[in-house]
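This report describes one protein structure in plain terms. It begins with the pockets and then turns to the chain and to a few residues.

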Amino acid sequence: MPRQKSNPQIVLRPQDLVVLLRLALERGPAPTYAALAAELGMTASEIHGAVDRAVAAQLAHKDVGGKATVILAALRLFVQHGARYCFPAVRGSLTRGRPTGYAAAPLKDLIVPGTDPVPVWPHKNGTVRGMAFYPLYPSVPEAAGRNPALGELLVLFDAVRGGSARERALAIDLLEKRLQA
């Protein structure tokens, strides 16, 4: 007799949002799971699981061929109102890394940094010294380097989940414009 799950509730994981933001950049057919996995530094099975959870959460749907499409309106609402509570910012100590939040494009041109160390994704090849702001998934710094448009969406999301009220408002406005149909 198969063992039943004690709690069959589906829960979104941080990598699901990374996959959704990447898929939101597509205006044509979605790339294969293998291509997404290579770009995002994940396995194809992680991509598959992320898409299945996103479909269950009504943030995406699959066509008859099984290709995933993000429901942009739902993703915008989730990022604006819920995602920062699901994936709160986790900060660390002074480290070397890639700038994020207000210290990276596109926000760095809109917000003048103070004297405090800037938020950075800890990364061995980082060029900026700042306060650790842990990314949604460990491979995010490399994925952002491979796809600058995705990197900007992730930076904006970091500002939503860990920035000041002004940073959040600017980031939400920019995300809303970028996640239009």
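The largest pocket has a volume of about 250 Å³. A pocket is found on a 1 Å grid over the protein atoms alone: it is an open set of points where a 1.4 Å probe fits, with protein on both sides within 12 Å along at least five of seven lines, and lining residues have an atom within 4 Å of a point. Grid points are joined across faces, edges and corners, and the volume is the space filled by probe spheres set on the points. The lining of the largest pocket has 21 residues, and Arg91, Tyr102, Pro117, Pro119 and Glu167 are the closest to its centre. Strand E5 (128–133) and helix H7 (148–162) are the elements that give two or more residues to this lining.

The model is predicted: local features need pLDDT of at least 70, side-chain atom pairs count only at pLDDT 80 or more, and totals for chains, interfaces and linings use all residues. Residues are numbered from 1 along each chain as its sequence is written, and side-chain values use heavy atoms, with hydrogens and water left out.

The second largest pocket holds about 150 Å³ of space. Its lining has 13 residues, of which Leu23, Glu26, Gly28, Thr69 and Val70 are the closest to the centre. Helix H1 (14–24) and strand E2 (68–70) each give two or more residues to the lining of the second largest pocket. E2 gives the most, with three residues.

The table sorts both linings by class.

The protein chain as a whole comes next. It has eight helices and five strands; helices (H or I, at least four residues) and strands (E, at least two) are DSSP runs, numbered from the N terminus. From that end the order of elements is α-α-α-β-β-α-α-β-β-β-α-α-α. The radius of gyration of the chain is 17 Å, close to the 16 Å that the globule rule gives for 181 residues, so the chain is as compact as a globular protein of that length. This radius is taken over C-alpha atoms, and the rule is 2.2 Å times the number of residues to the power 0.38. Along the principal axes, the C-alpha atoms fill a box of roughly 60 × 35 × 30 Å.

Of the 181 residues, 44% are buried. Buried means under 20% relative accessible area, exposed over 50%, and partly exposed in between (1.4 Å probe, protein chains only).

Asp16 lies in helix H1 and counts as buried, at 1% relative accessibility. Asp16 touches Val11, Ala50 and Arg53, not counting residues up to four places away in sequence; a contact means heavy atoms within 4.5 Å. Ala169, found in helix H8 (residues 165–178), is partly exposed, with a relative accessible area of 47%.

One aromatic pair is found in the whole structure. Phe78 and Phe87 form this pair, which is edge-to-face, at 6.5 Å centre to centre and 80° between the planes. Rings of Phe, Tyr and Trp (its six-membered ring) pair if their centres lie within 6.5 Å; planes under 30 degrees apart count as stacked, over 60 as edge-to-face and the rest as tilted. Both Phe78 and Phe87 are buried.
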